[in-house]
Amino acid sequence: MSAQRLLRKIHYWLSPALLISLFVIAVTGSLLALKKDVDFLQPPTRDGIAPGLPDRSLASLVTSVNALPAHAGVTWKDIDRIDVRPKDGIAKVILKSRHEVQVDLTSGAAVDTGYRTSDLLETIHDFSFMGDWAKYVLSFGSGIALIFMGATGVYLFALPMLVRRRKRIDKERRRPSA
């Protein structure tokens with residue numbers, strides 16, 4: 001089997017699997033590009049009473065979250081991360097359940113809550129929702145396969161032009177000179 005035929009077969013059979021992977025990556029990537037603009041994807045950042053970083057302990061942020069009936073009983077184990085934004089005067093307490101509670105840094109009051117769909121989209125985008133193995137096998141594998149498909153695609157696209165050029169040069173060499 002020639003290299004050209006082998007590359008065509010690999011290209012042909014790798015395409016459907018890669019197409020599904022690229023579709024998921026493209027759709028979720030497009031939505032993630034809009035996450036700051038669409039409230040459904042990520043709750044908008046509210047402004048606090050005043051910008052800056054007052055002397056407020058992290059424990060007081062958890063107390064503010066617990067003051068909300070929907071989030072009563074939240075402990076440190078339930079918190080994924082805290083995003084402090086001194087410029088806005090806000091701290092975003094992001095729970096492992098993908099809910100976000102925005103706490104005013106000056107007053108200590110919870111000013112907004114919402115579900116972070118963007119976090120779910122990120123795990124789908126890099127396939128980590130299936131487990132860490134999927135992130136490395138599927139996401140990284142898709143990248144490597146895409147590089148391979150691009151390289152073989154360029155080769156298979158250019159090959160007919162190279163063959164025609166070679167035939168034209170051979171024809172010109174065989175032609176008797178006048």
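Which side chain meets that of Arg85 in a salt bridge? I looked this up in a predicted model, where local features need pLDDT of at least 70, side-chain atom pairs count only at pLDDT 80 or more, and totals for chains, interfaces and linings use all residues. Residues are numbered from 1 along each chain as its sequence is written, and side-chain values use heavy atoms, with hydrogens and water left out.

**Entry 1: Arg85.** I found Asp83 as the partner, at 3.0 Å from N to O. I took a salt bridge as a side-chain nitrogen of Lys or Arg within 4 Å of a carboxyl oxygen of Asp or Glu. By this rule I get six salt bridges. Arg85 is partly exposed, with a relative accessible area of 21%. Asp83 is partly exposed too, at 25%. The terms are buried for under 20% relative accessible area, exposed for over 50%, and partly exposed in between (1.4 Å probe, protein chains only).

**Entry 2: Lys35.** I looked up Lys35 and found a salt bridge with Glu122, with 3.1 Å between the closest N and O atoms. This pair links distant parts of the chain, 87 residues apart: Lys35 lies in the loop between α1 (3-33) and α2 (58-66), and Glu122 in helix α3 (residues 117-125). Helices here are DSSP runs (H or I, at least four residues), numbered from the N terminus. Glu122 is partly exposed, with a relative accessible area of 33%.

**Entry 3: Asp119.** I noted a salt bridge between Asp119 and Arg116, the closest N and O atoms lying 3.1 Å apart. Asp119 and Arg116 are both buried. Through shared partners, salt bridges join Asp80, Arg81, Glu100, Arg116 and Asp119 into one network.

Technical notes: Helix = DSSP H or I, 4+ residues; strand = E, 2+ residues; numbered from the N terminus.
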